[in-house]
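Here is a short tour of a protein model, with the cut-offs spelled out along the way. Please keep the structure open beside the text.

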Amino acid sequence: MVTMSWQGLRSAQVATERGSGPAIRRSPGLAIDARAAGHTLRGGRQVLRPVSLSIRPGALVAIIGPSGAGKTLLLDALAGVTLPTEGTVLHDGATCRPRDDLAVAPIGYVPQDDIIHQSLPLDRTLRYAARLRLPARTSDEQIDQEVAEVLAALGLTGQAGTRVRLLSGGERKRASIAVELLSRPTALFLDEPTSGLDPAMSADLVDLLDRIAAAGTTVVFTSHNPQDLAGCDMVLVLAAEGQLAFAGSPANALAHFGASVFEEIYRALAAEPDPRVWAERMPSGAATAVPVRGTRMAQVGGPAVAPGRRLGSFGQWLLLTGRGVDLLTRSRLTLAILLGSPLIIILMFLMMFRPGAFDTANPSPNTSMMIVFWIAFGGFFFGLTYGLSQICDEFAILRRERIIGVRIIPYLASKFTLLLPILAVVDAVLLVTLSGTDRLPALGAGDWGRMFATLLLCSGAALTLGLLASAGVSSPSQATLMLPMLCFPQVLFVGAFLPVPVMALPGRALSYLMSNRWAFDALGTTAGLPQLWQNGGSPLGPPLLKSYGDTFDGSVPREWMLLAGFTLLFLIAAGLVLARKTPRRRRTSR
């Protein structure tokens with residue numbers, strides 16, 4: 001539970017000591033010590049040569065260097081997000097290790113990508129972030145107070161009700177920082193926070209970081225902008241191959257490189273690309289960054305957040321599901337696509353198939369078989385398209401939330417429970433529409449229930465396959481390319497266009513892996529295709545039935561179990577992919 005209000009921690013002295021602007025609450029700060037911390041990839045390539053330095057609480061530190069020099073890697077190592085393969089990084093004298101769910105020594109990390117949803121108003125985004133970051137017993141009133149004070153401190157009160165996508169670039173950067181300040185971090189790490197900002201916005205953002213450091217929070221950021229460096233306590237300059245070329249004050253950095261302005265440091269690094277030269281010129285001893293305008297430790301109080309367990313798996317599932325509903329209802333275009341695209345496909349079914357294909361007096365075997373197949377494929381297509389965009393669209397947010405303790409199971413469960421009810425409605429509308437227009441056989445209530453259950457299980461399996469694909473790709477455009485690759489096998493090897501018994505051996509083997517095959521088989525069995533074809537009077541019926549062999553003779557409950565098994569298998573696979581791509585702390589290989 002939060003033990004003290006920000007209001008009681010504010011101080012005009014803190015607000016004005018290093019720059020003007022809204023007051024920032026004080027933090028206990030974090031001491032960071034790197035002891036020969038380096039990073040070597042598999043294969044022996046060294047991408048960060050051993051770094052030794054000390055950063056005192058409340059220091060403002062910038063990491064600069066040419067592109068590809070390892071700035072983000074060093075930032076991640078100092079933050080404890082990536083554990084070094086050699087040497088160690090200490091936080092307050094303790095070796096960085098994966099933390100449990102106790103709210104101790106929270107650390108803020110702002111990647112280059114936005115870590116906030118674009119569709120929600122800013123204040124609602126921060127409330128969801130606070131629920132994930134603060135102890136579970138924090139009351140709604142305390143959450144609202146925390147959010148209001150963060151907004152005020154960052155000058156965003158006037159934008160509280162504005163959707164994030166409508167904020168300016170500088171406001172979105174501050175909003176991402178606001179998310180991290182909710183947990184009262186002892187250190188704040190930022191990757192290229194000023195990239196893409198004009199000079200005025202960049203200066204304002206650095207001034208904000210300056211004031212956060214003045215309040216005691218250790219601040220470390222990477223930058224390509226020389227204008228960001230003048231007010232820092234320490235500048236870390238990386239040369240090629242992750243070689244630390246200098247660590248010290250900005251003034252000493254200029255002297256070390258014989259530069260009059262910071263831009264000339266980059267020219268010096270480009271003129272001498274050999275990292276061994278910079279290793280020889282590196283001043284001996286471990287550099288130490290301390291706040292340059294007096295000691296701030298006297299201003300720092302006790303812990304800002306009392307130890308308390310954050311939301312458990314069930315609480316995370318409820319919160320993430322609620323956030324998903326909020327996002328969906330506020331994104332009218334997404335909701336229109338989710339509901340509108342199935343309606344268009346249903347309309348296409350009505351245009352393609354004539355009524356009466358299941359008339360027992362004059363059946364149409366080919367048409368009835370095609371109707372059953374396209375019903376199965378429709379359920380598959382709805383589920384797949386719903387799942388494909390769910391994870392890749394918010395991967396940067398998930399990666400950050402994994403670091404603060406969001407678990408994979410409740411995250412995936414929230415996606416499943418959010419979308420499955422929508423799929424149930426869409427599947428029901430499909431069946432009711434086809435039945436009401438005489439494009440399905442007359443069935444009893446039990447058979448209708450079995451047909452709906454089959455279609456929903458088919459959609460659920462496809463939804464989890466979409467989630468798996470969305471977890472595996474790195475961008476929405478790649479997810480779009482996955483759509484035909486996943487759909488074509490479900491069309492060709494299901495057994496509708498070419499019966500499974502007459503397929504070549506590789507095709508028959510592959511058909512067992514198609515979830516849509518079992519939905520097609522179960523729907524055909526429930527719709528009574530064997531009886532219709534055998535006894536309907538059409539000369540095509542018996543030969544067609546013979547070509548399908550025992551396709552429609554299986555047990556519907558057995559095929560339900562197979563569809564449920566596919567769903568579980570795809571969910572487990574998606575979880576494993578996310579566990580590899582978004583570990584709570586990345587461990588590197590020697």
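Predicted model: local features only at pLDDT ≥ 70, side-chain atom pairs only at ≥ 80, totals over all residues.

Helix 8 (residues 263-271) lies across strand 3, strand 10 and strand 11, running at about 25° to strand 10. Helices (H or I, at least four residues) and strands (E, at least two) are DSSP runs, numbered from the N terminus. Contact means heavy atoms within 4.5 Å. Axes are lines fitted to C-alpha atoms, for helices over the stretch in contact, and angles run from 0 to 180 degrees between N-to-C directions.

Helix 2 (residues 71-79) lies across strand 3 (60-64), strand 7, strand 8, strand 9 (218-222) and strand 10 (234-239), and its direction is at about 160° to strand 9.

Residues are numbered from 1 along each chain as its sequence is written, and side-chain values use heavy atoms, with hydrogens and water left out.

The average pLDDT (the predictor's confidence in each residue, from 0 to 100) is 85, and 89% of the residues score at least 70. Over residues 1-20 the pLDDT is below 50, though this stretch has 63 contacts in the model beyond near neighbours in sequence. Residues 586-590 also stay under 50, with 18 contacts beyond four places in sequence.

Six strands form an open sheet with mixed pairing, in the order 7-8-9-3-10-11; two strands pair if DSSP finds at least two bridges between them. At the edges are strand 7 (107-110) and strand 11 (243-248), each pairing on one side only. On average, neighbouring strands are turned by 15° against each other, direction ignored.

Strand 7 pairs with strand 8 (residues 187-190) in the parallel sense over four bridges. Here valine 110 stands opposite leucine 190 in strand 8.

## Two packed helices

Helix 3 (residues 122-133) and helix 10 (residues 313-330) pack at an angle of about 170°, with axes 11 Å apart. That angle makes helix 3 roughly antiparallel to helix 10 (over 145 degrees counts as roughly antiparallel). Among the residues making the contact are Arg124 and Tyr128 of helix 3 and Leu319 and Asp326 of helix 10.

## A loop residue

Leucine 443 lies in the loop between helix 14 (408-436) and helix 15 (445-472). Its C-alpha atom is separated by 7.7 Å from that of alanine 527, 84 residues apart along the chain. Leaving aside neighbours within four places in sequence, leucine 443 is in contact with Trp448, Met451 and Thr526.

Notes. Parallel < 35°, antiparallel > 145°, perpendicular 65-115°, else oblique.
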